[in-house]
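Here are some notes to read alongside the structure. Take them in order, with the model open beside you.

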Amino acid sequence: MDRVAKLASQKAVVIFSKSSCCMCHAIKRLFYEQGVSPAIYELDEDSRGKEMEWALMRLGCSPSVPAVFIGGKFVGSANTVMTLQLNGSLKKLLKDAGAIWL
């Protein structure tokens, strides 16, 4: 849990992902298209990935990936992020966190 919290606070946007997950790919593309350069941690390529996956599930992320943190705070998974994008509030969160300027 401590490692997830530490990693999540190191950059304005942090995504915990798996390289084989199609929804993770879609969420990463969404942020790239917004002009955001997120920190991405591929759990299936990290020696402590399983431990981090359990910590994410304890935070309430189900499924465990993609797990998105903005400004060090857990935002949610793909469903939540897409909802924020569609209702227009994702851009404000990104601006407030310093991930985008415009």
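1. A word on terms to begin with: a residue is called buried when its relative accessible area is under 20%, exposed when over 50%, and partly exposed in between, using a 1.4 Å probe and protein chains only. By that rule Phe-16, with a relative accessible area of 0%, is buried.

2. Please keep in mind that this is a predicted model, in which local features need pLDDT of at least 70, side-chain atom pairs count only at pLDDT 80 or more, and totals for chains, interfaces and linings use all residues. Residues are numbered from 1 along each chain as its sequence is written, and side-chain values use heavy atoms, with hydrogens and water left out.

3. Start with Val-13, which lies in strand β1 (residues 13–17); helices (H or I, at least four residues) and strands (E, at least two) are DSSP runs, numbered from the N terminus. Val-13 has a relative accessible area of 1%, so it is buried. Contact here means heavy atoms within 4.5 Å. Not counting residues up to four places away in sequence, Val-13 touches Phe-31, Val-36, Pro-38, Ala-39, Phe-69, Ile-70, Leu-94 and Ala-99. Of these contacts, look at Ile-70: Val-13 and Ile-70 are 57 residues apart in sequence, yet their C-alpha atoms are 4.6 Å apart in space.

4. Next, the nonpolar cores, each a set of buried Ala, Val, Leu, Ile, Met, Phe, Trp, Tyr and Cys residues joined through side-chain atoms within 4.5 Å. The largest has 17 residues, and those touching the most other members are Val-13, Phe-31, Ile-70, Val-81, Leu-90 and Leu-94. Two or more residues of this core come from each of β1, α2 (22–33), β3, α4 (78–86) and α5 (90–97). Another core, of 16 residues, lies apart from it and includes Val-4, Phe-16, Leu-56 and Phe-69. In soluble globular proteins, nonpolar side chains tend to be buried together.

5. How many aromatic pairs are there? Rings of Phe, Tyr and Trp (its six-membered ring) pair if their centres lie within 6.5 Å, with planes under 30 degrees apart counted as stacked, over 60 as edge-to-face and the rest as tilted. The count by this rule is three. Phe-16 and Phe-69 are edge-to-face because their ring centres are 5.6 Å apart and their planes stand at 75°. This pair links distant parts of the chain, 53 residues apart: Phe-16 is in strand β1 and Phe-69 in strand β3 (residues 67–70). Phe-69 counts as buried, at 4% relative accessibility. One aromatic cluster is formed by Phe-16, Tyr-41, Phe-69 and Phe-74.

6. β3 and strand β4 (residues 73–76) run antiparallel and are joined by three bridges. Phe-74 in β4 is the bridge partner of Phe-69. The two strands form a hairpin with two residues between them, and Gly-71 in the turn has a positive phi of about 60°.

7. Finally, the cysteines: a disulfide is counted when two cysteine sulfur atoms lie within 2.5 Å. How many disulfides does the structure hold? There are zero disulfides.

Key: Pairing = 2+ DSSP bridges.
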